[in-house]
Amino acid sequence: MSDDTASILKDAKAKMAKTLDVTKDEFTSIRTGRATAAMFQGITIEYYGAPTPLNQLASLQFPEARTVIVTPYDKSAMSGVETALRDSDLGVNPTNNGDNLRVVLPALTEERRKDYVKLAKNKAEDGRVAVRGSRGNAKKAIEKLVKDKEIGEDEGTRAEKELESLTKKFNDQIDEALALKETELETI
């Protein structure tokens, strides 16, 4: 295999691995029965004109399985943090006691579980679409090498088969992560 095709395949593999990591991270932000810091990762607050992640503006404590105490470092950010939590897709209504916010996560209803499973499936599909996009870009690059006669057709065919194998491998890993998340959501 030429250096060009090896480089294209290596680049595609790196992009697919990154997509897999992002998809798994997105799964961690989907709520299950226990409160976790990952659930609050995507929440940003408008702070002095800039969107700022919650973890940079406040500390999170987990005294109980479904309770989170959010303590802003700057008390002037309290209302922004409270609004961001209320508007998030966590389905929570924080209680403000002046010093911190108490967030009690509601028990998951069957309907809410189904919504979260649907959300997980959407995130998995987004991941698969991104993997296919990486495959498409790599395939175009391989076809261009064949067209420009920098590599032979046989090598181009072998590289495309390896690319298909990579694509299947990463899509299967996304499906496995989705299955784990679905099981986690349905058994809590």
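1. How far apart are the mean positions of the positive and negative charges of the chain? In this predicted model, the mean position of the 30 positive charges and that of the 33 negative charges lie 2 Å apart.

2. As for the overall fold, the chain contains five helices and six strands, and, read from the N terminus, these elements follow the order α-β-β-α-β-β-α-β-β-α-α. The chain is more spread out than a compact globule, because its radius of gyration of 22 Å is well over the 16 Å that the globule rule gives for 188 residues. Taken along the principal axes, the box filled by the C-alpha atoms is roughly 70 × 40 × 20 Å.

3. On burial and surface, 37% of the 188 residues count as buried, while the accessible surface of the chain comes to about 10800 Å², with 49% of that area belonging to carbon and sulfur atoms.

4. Turning to contacts along the sequence, among those that join residues at least 6 apart, 63% are between residues at least 24 apart.

5. L57 counts as buried because its relative accessibility is 6%, with the cut-off for buried set at under 20%. Beyond its neighbours within four places in sequence, L57 is in contact with I45, Y47 and T52, and also with T71, P72, Y73 and D74.

How values were computed. Residues numbered from 1 in each chain as written. Predicted model: local features only at pLDDT ≥ 70, side-chain atom pairs only at ≥ 80, totals over all residues. Heavy atoms only, no water. Helix = DSSP H or I, 4+ residues; strand = E, 2+ residues; numbered from the N terminus. Rg over C-alpha atoms; globule rule 2.2 N^0.38 Å. Buried < 20%, exposed > 50% of the residue type's maximum accessible area, 1.4 Å probe, protein only. Contact = heavy atoms within 4.5 Å. Areas by Shrake-Rupley, 256 points an atom, 1.4 Å probe, with all protein chains shown as cover. Lys, Arg positive; Asp, Glu negative; His and termini not counted. Charge placed at Lys NZ, Arg CZ, Asp CG, Glu CD.
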